[in-house]
Each structure stands twice: as structure tokens, then as C-alpha cells.
Amino acid sequence: MDWMTQGTRISGNVCYNNELADLFSEVNHGPYLVDNNIFLSPHSLKIQSEGGAFVHNLISGIVHVWPEPNRFTPYFLPHSTHIKGLTTIFGGDDRYYNNIFVGRRYKSDGPDYHYGLAGYNDARLPVWIEGNLYYNEARPSDKDKKSVSTSTYDPDLSLLEEDGHGYLQFTFHESYYRHQVEIITTEILGMAKIPKARFDHPDSSPLKIDRDYFGTLRTDRRNHAGPFSALNKGKVVLGVW
């Protein structure tokens with residue numbers, strides 16, 4: 001997603017076996033929303049942007065975050081392609097709510113590559129990080145709130161392809177079932193700093209991320225981190241396509 005991602009929503013995808021990354025957000029200023037996705041490649045996210053919101057995703061690869069001080073790219077009036085200004089990428093101004101991060105046994109490529117969100121520890125702009133779960137060597141950032149980290153627990157996450165269907169298999173830690181999180185709304189996500197635009201629907205109406213990957217309704221009493229709102233305990237096998 002390159003430099004005109006403002007106003008985009010990336011929702012309900014399964015991404016795997018990608019060489020570069022499942023999602024590369026390049027020199028964007030936001031707002032853009034990434035919710036209810038399943039990212040399974042060795043590199044899940046490459047974020048050379050700001051103003052993104054990542055909500056209720058399952059992220060099992062490396063997260064690489066870095067600024068871009070030498071490239072000036074446009075930002076727009078809200079819900080428009082009329083250019084408001086040009087600026088570089090300072091880094092930060094991102095939101096991560098209610099995601100599950102799972103470390104894998106792939107080799108990290110350098111100090112700025114992390115399983116989890118430690119790459120945001122030195123972000124120049126503020127970030128909002130809350131309600132995330134971290135497993136199997138995935139690490140929270142210094143700015144996490146209300147997170148649960150069980151770094152030694154391996155949920156044995158795998159994807160099986162059979163007869164044109166994909167089956168996601170895992171066994172989440174007991175902490176998953178105890179960890180209740182908020183339903184995320186336009187009000188909670190706030191406004192992207194550079195374009196001064198809200199995370200909302202194309203018609204400017206407020207959004208509420210109250211449906212999971214399967215379209216099941218989330219409620220205040222049944223709302224967990226990750227893209228699935230209701231799971232049985234023990235080993236889970238889900239048909240994801």
C-alpha cells in the first residue's frame with residue numbers, strides 16, 4: 001500500500017507464503033485501518049508509514065518499523081484526493097489494539113526487526129498500543145497497556161491446505177480466554193496527526209469494529225484479542241477459506 005493509502009481499510013484477509021511481507025505500508029500518513037486479518041508469512045508487517053490502526057489481527061511474523069526522513073509524500077483533505085500538503089515520514093502515530101502476536105523460529109534480519117512491537121519503543125510520534133497478546137518470543141513495546149505476554153508459550157500455529165480449503169490450527173494459552181478487551185471505535189482511534197482526519201467510514205460516519213473475521217458479532221462480554229470473537233478451549237481448527 002503505497003503513499004495514497006489514506007482512507008483505506010484492509011480487512012478479513014489471510015496472507016501467507018509471501019517473500020517481502022504480508023503487508024508493506026510505504027510512505028503513508030494515514031488514516032488507514034488494518035483489521036481482522038491473519039498474517040502468517042515470515043515477515044508480517046513492514047511499516048514505513050504513520051497514521052495506521054491495526055486492530056484484532058493475528059500476526060505471526062516479524063514487524064519492521066522505520067521512518068523515512070528523505071521522501072516527501074502527499075496527504076489529502078479528509079475523504080478526498082485533493083492534496084493538503086507534503087511531508088516526510090516521522091514514524092509513529094500508529095495504533096495497535098487487541099492483536100495477537102506469535103513469534104516464530106525464523107531468523108531476524110537485524111536489530112529493527114521484531115516479533116511484536118518493540119520496534120515502536122523509539123518512535124518519534126506518539127503511539128497507542130493496548131489490549132494485545134504476545135506468545136512464543138513475541139515482545140510488547142515499552143508503550144503497551146493492558147497487554148498479556150506469555151513469551152515461552154508456543155500455540156503451535158499452522159495452516160493446512162486441503163482440497164481447496166485452508167484450515168488454521170492452534171492452541172491458545174489460557175490467558176487468551178481471560179483477557180477481555182474493548183470494542184474499538186472511531187472515538188477510541190482518534191485522528192491521524194498529519195492529515196487531521198478520523199478513522200471512519202467513507203461517508204464520514206463513525207465506525208465500530210464489532211464483527212470478527214467470520215462476521216460474528218462481538219459484544220462487551222465476548223470480545224477477545226485477535227480476529228476471532230469466540231473460541232473453544234483446547235486445540236482449535238478453523239476453516240478460514
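These legends describe close-up views of a predicted model.

**View 1. Strand E7 and its two partner strands.** Strand E7 covers residues 52–55. Strand E4, residues 32–35, pairs with E7 in the parallel sense over four bridges. Strand E12, residues 95–97, also pairs with E7 in the parallel sense, over three bridges. Ala 53 takes part in both pairings: Ala 53 is the bridge partner of Leu 33, and Ala 53 stands opposite Arg 95 in E12.

**View 2. The two faces of strand E7.** In a regular strand the side chains alternate between the two faces of the sheet. In E7, Gly 52 and Phe 54 lie on one side, and Ala 53 and Val 55 lie on the other. All four of these residues are buried, and both faces of the strand are covered.

**View 3. An open sheet of six strands.** The strand order is E2-E5-E8-E13-E16-E18, and the pairing is parallel. Strand E2 (14–15) and E18 are at the edges; each has a single partner strand, so one side of each has no neighbour in the sheet.

**View 4. The pairing of E13 with E16.** Strand E13 consists of residues 100–102 and strand E16 of residues 133–135. The two strands are joined by three bridges and run in the parallel sense. Within this pair, Ile 100 stands opposite Leu 133.

View 5. Ser 151 is located in the loop between strand E18 (148–150) and strand E19 (158–162). Its relative accessible area is 17%, and Ser 151 therefore counts as buried, the cut-off being under 20%. The side chain of Ser 151 makes a polar contact of 3.4 Å with the side chain of Arg 139. With neighbours within four places in sequence left aside, the residues in contact with Ser 151 are Tyr 134, Tyr 135, Asn 136, Glu 137 and Arg 139.

View 6. Rolling a probe the size of a water molecule over the atoms shows where empty space is left. The count of cavities of 30 Å³ or more comes to one, and the largest cavity holds about 30 Å³ of space. Its lining is made up of Trp 3, Met 4, Thr 5, Gln 6, His 29, Gly 30, Pro 74, Tyr 75 and Phe 76. By class, five of the lining residues are nonpolar and four are polar, with no charged residues.

Key: Residues are numbered from 1 along each chain as its sequence is written. This is a predicted model: local features need pLDDT of at least 70, side-chain atom pairs count only at pLDDT 80 or more; totals for chains, interfaces and linings use all residues. Side-chain values use heavy atoms; hydrogens and water are left out. Buried means under 20% relative accessible area, exposed over 50%, partly exposed in between (1.4 Å probe, protein chains only). Two strands pair if DSSP finds at least two bridges between them. A polar contact is a pair of N or O atoms within 3.5 Å; within protein, one must be able to donate a hydrogen and the other to accept it, and residues adjacent in sequence count only if both atoms are side-chain atoms. Contact means heavy atoms within 4.5 Å. On a 1 Å grid over the protein atoms alone, a cavity is a set of points where a 1.4 Å probe fits but cannot get out, and a pocket is an open set with protein on both sides within 12 Å along at least five of seven lines; lining residues have an atom within 4 Å of a point. Grid points are joined across faces, edges and corners, and a volume is the space filled by probe spheres set on the points. Ala, Val, Leu, Ile, Met, Phe, Trp, Tyr, Cys and Pro count as nonpolar, Asp, Glu, Lys and Arg as charged, and the others, Gly among them, as polar.
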